[in-house]
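Please work through each task before reading its solution.

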Amino acid sequence: MNFRKECEEEEFWASEIAMNPLTSVLVEGESDVLLYSKFLNLSLCSIEEMRGKEKLLKIMEILDNIKSKTKRTIAIVDADLDHLTQTTYNPNILLTDTHDAEIMMFFSSAFERVIKEYFKKEKCNTQEEIEATRNKLINLSIPMAAMRIFDKNNNLHFSFKPNYDTEKDFPYAKFINAKSNILEFINIEKMVSTTCSYHGNQGQTINQKEAVEEIKEILSKKYPIHFILHGHDIMHIMELSLKSYGKKTKQKKTFDDFETSFRLTYTLEDFSQTTLYQNLLNFSYKINVPFVITK
């Protein structure tokens, strides 16, 4: 899509939202619609997919010039690294408490319900085992979080999911050893070489030794894990972990199955404990439209 056409599309969406008589809740994608609509009274508001954070922010910027509409439009976006960079937005743009919605669910009680469905009993029989399993998945995911920060710091714009250049999923299994009763991260060097190979010609421009050292430096800073763990990585690593942790009947499940299970098991009780929920509720009080479901 060329720049002019993209701008025209954003203007179109902004005008459509401006004409909507209901309170509008703008979100990035389809999975966000499926998640957040559970907690909204859809007779009092509409929830709209904006196809990405960048486009959503642009539409909110356009709506900012329509003062009457801005007052009754709210947006929810994944924080990504915004909590670390202390990026600020229009007050009507709300961030997830963690890097993204998947990580918000991962650190909720939904995690226990999901792993009891998919993992062997010995990995989730007691609270201690549940936390040990969660910590194992976190530790496997932290290096990829650092890889993504390295990507952002160097403006590489790597994509860790299929795009126009490749139709293959990012191969986490090349640097995470997942076999029967074994689940371990191999090393940073292997992760970097895998990433460079996945990105073809673009990856060949990277000095891998320097990349490894920079990633080690990022890891040494010990950023808050809630802010850097990426939901896409966690879900793929959970899929991979089924080879060693999963019930026999669940070992062919995919990261999509995990994402769906988290959305289905994430309850109002879970969501109500987040700052995001409280901010949504405060907005509903401010405009005097009770579109947020309460306990």
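**Exercise 1.** At what angle do α7 and α14 pack, and how far apart are their axes?

*Solution.* The model is predicted, with local features requiring pLDDT of at least 70 and side-chain atom pairs pLDDT 80 or more, while totals for chains, interfaces and linings use all residues. Residues are numbered from 1 along each chain as its sequence is written, and side-chain values use heavy atoms, without hydrogens and water.

Step 1. The angle between α7 and α14 is about 130 degrees, and their axes lie 9 Å apart. Axes are lines fitted to C-alpha atoms, for helices over the stretch in contact, and angles run from 0 to 180 degrees between N-to-C directions. Helices are DSSP runs of H or I with at least four residues, numbered from the N terminus.

Step 2. This angle makes α7 oblique to α14; angles under 35 degrees count as roughly parallel, over 145 as roughly antiparallel, 65 to 115 as roughly perpendicular and the rest as oblique.

Step 3. On the α7 side, A110, F111, R113, V114 and Y118 meet D257, F258, S261, F262 and T265 of α14 (heavy atoms within 4.5 Å).

**Exercise 2.** Which residues of helix α14 are buried, and what covers them?

*Solution.* Step 1. In α14 (residues 255–265), the buried residues are F255, F258, E259, S261, F262 and R263, where buried means under 20% relative accessible area with a 1.4 Å probe, protein chains only.

Step 1. The cover over these residues includes α2 (30–36), α6 (101–106), α7 (110–118) and α13 (231–245).

**Exercise 3.** Which residues touch the most other members of the largest nonpolar core?

*Solution.* Step 1. A nonpolar core is a set of buried Ala, Val, Leu, Ile, Met, Phe, Trp, Tyr and Cys residues joined through side-chain atoms within 4.5 Å. The largest one has 75 residues, and V25, Y36, F119, M238, F262, F271 and F291 touch the most other members.

Step 1. Helix α8 gives the most to this core, with ten residues.

Step 2. Beyond its neighbours within four places in sequence, Y36 is in contact with V27, I47, I76, T96, A101, M104, F271 and L276.

Step 3. Another core, of 14 residues, lies apart and includes M50, L56, L63 and A75.

**Exercise 4.** How do the axes of α8 and α11 cross?

*Solution.* Step 1. The axes of α8 (residues 127–153) and α11 (residues 208–220) come within 9 Å and cross at roughly 115 degrees, which makes α8 roughly perpendicular to α11.

Step 1. I142, P143, A146, M147, I149, F150 and N153 of α8 make the contact with A211, E214, I215, I218 and L219 of α11.

Conventions: Helices (H or I, at least four residues) and strands (E, at least two) are DSSP runs, numbered from the N terminus. Buried means under 20% relative accessible area, exposed over 50%, partly exposed in between (1.4 Å probe, protein chains only).
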